[in-house]
Amino acid sequence: MANYTCLLLDVDNTLLDFNAAERAAVGITLEHYGMPNGPEALETYHQINRQLWDSLAKGELNRSKLFAVRFGRVMQALGTPEAGNAREMQALGTPEAGNAREMNDFYENELANHADLMPGALTALEELGEVATLAIVSNGAAQVQESRIAASGIGRFMDGVYISEKVG
């Protein structure tokens with residue numbers, strides 16, 4: 001059996017339950033902005049988000065663009081126009097609903113508030129930490145990941161945290 005001296009661990013759906021955090025954050029965001037909410041809306045978000053992350057992986061867009069357009073596409077798909085003018089937004093009854101980047105920022109703030117551990121994560125970290133150096137590697141948004149890592153308590157087991165957005 002191989003002996004490992006260093007283990008690099010992902011955060012999302014390895015240590016922390018990203019699916020639960022995402023469901024909660026998307027639901028809260030859609031509700032806050034007066035948009036349709038529920039399983040179909042969540043699936044619409046997932047499809048759009050997956051397409052954008054695939055485009056990012058192919059080099060077709062950058063992270064900033066992904067975060068700027070994600071909720072604009074969700075609004076369009078759910079039949080809620082992304083309006084840039086106040087009159088149109090007032091007609092919808094949701095003055096803030098038109099700003100896709102603002103909506104994305106709201107979503108990320110909500111996502112940062114959800115740090116549910118995967119079952120057995122703490123026990124695994126305690127045991128692995130006795131025999132190896134542990135570090136987190138993540139391609140998630142730095143502010144979101146840092147908040148979730150701190151809130152969950154998993155940071156205390158790590159000798160390093162490397163988030164692609166911060167390391168380049």
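Biologist: What pattern does the protein follow, read along the sequence?
Modeller: This is a predicted model. The protein has eight helices and three strands. Read along the sequence, they follow the pattern β-α-α-α-α-α-α-β-α-β-α.

Biologist: What share of the contacts in the protein with a separation of 6 or more comes from residues 24 or more positions apart?
Modeller: Buried residues make up 45% of the 168 residues. For contacts with a separation of 6 or more, the share from residues 24 or more positions apart is 73%.

Biologist: Which residues touch the most other members of the largest nonpolar core?
Modeller: This core holds 29 residues. Helix 1 (18–32), helix 2 (39–57), helix 3 (63–77) and helix 5 (100–112) are the elements that give two or more residues to the core. The residues touching the most other members are Leu30, Met35, Val74, Met103, Tyr107 and Leu111.

Biologist: Which residues does Met35 touch, not counting those up to four places away in sequence?
Modeller: Met35 is among the core residues that touch the most other members. With residues up to four places away left out, its partners are Leu30, Val74, Met75, Leu78, Thr80 and Met103.

Biologist: How many residues are in the second, separate core?
Modeller: Its members include Leu9, Ala121, Phe157 and Met158. The number of residues in this second core is twelve.

Biologist: How many residues apart are Arg148 and Asp12?
Modeller: Their side chains meet in a salt bridge, at 2.7 Å from N to O, and both residues are buried. Arg148 sits in helix 7 (residues 142–152), while Asp12 is in the loop between strand 1 (6–9) and helix 1. The pair links distant parts of the chain, with a separation of 136 residues.

Biologist: Is Glu43, which forms a salt bridge with Arg50, buried, partly exposed or exposed?
Modeller: The closest N and O atoms of Glu43 and Arg50 are 3.8 Å apart. Arg50 has a relative accessible area of 45%, so Arg50 is partly exposed. Glu43 has 35% relative accessibility and therefore counts as partly exposed.

Biologist: In which helix do Arg101 and Asp105 lie?
Modeller: The side chains of Arg101 and Asp105 meet in a salt bridge, 3.3 Å from N to O. Arg101 is partly exposed at 33%, and Asp105 is partly exposed with a relative accessible area of 33%. The two are four residues apart, about one turn of the helix, and both lie in helix 5.

Biologist: How many salt bridges does a search of the whole structure find?
Modeller: Among them are Arg148 with Asp12, Glu43 with Arg50, and Arg101 with Asp105. Over the whole structure, the search finds six.

Methods: Residues are numbered from 1 along each chain as its sequence is written. This is a predicted model: local features need pLDDT of at least 70, side-chain atom pairs count only at pLDDT 80 or more; totals for chains, interfaces and linings use all residues. Side-chain values use heavy atoms; hydrogens and water are left out. A nonpolar core is a set of buried Ala, Val, Leu, Ile, Met, Phe, Trp, Tyr and Cys residues joined through side-chain atoms within 4.5 Å. Buried means under 20% relative accessible area, exposed over 50%, partly exposed in between (1.4 Å probe, protein chains only). Contact means heavy atoms within 4.5 Å. A salt bridge is a side-chain nitrogen of Lys or Arg within 4 Å of a carboxyl oxygen of Asp or Glu.
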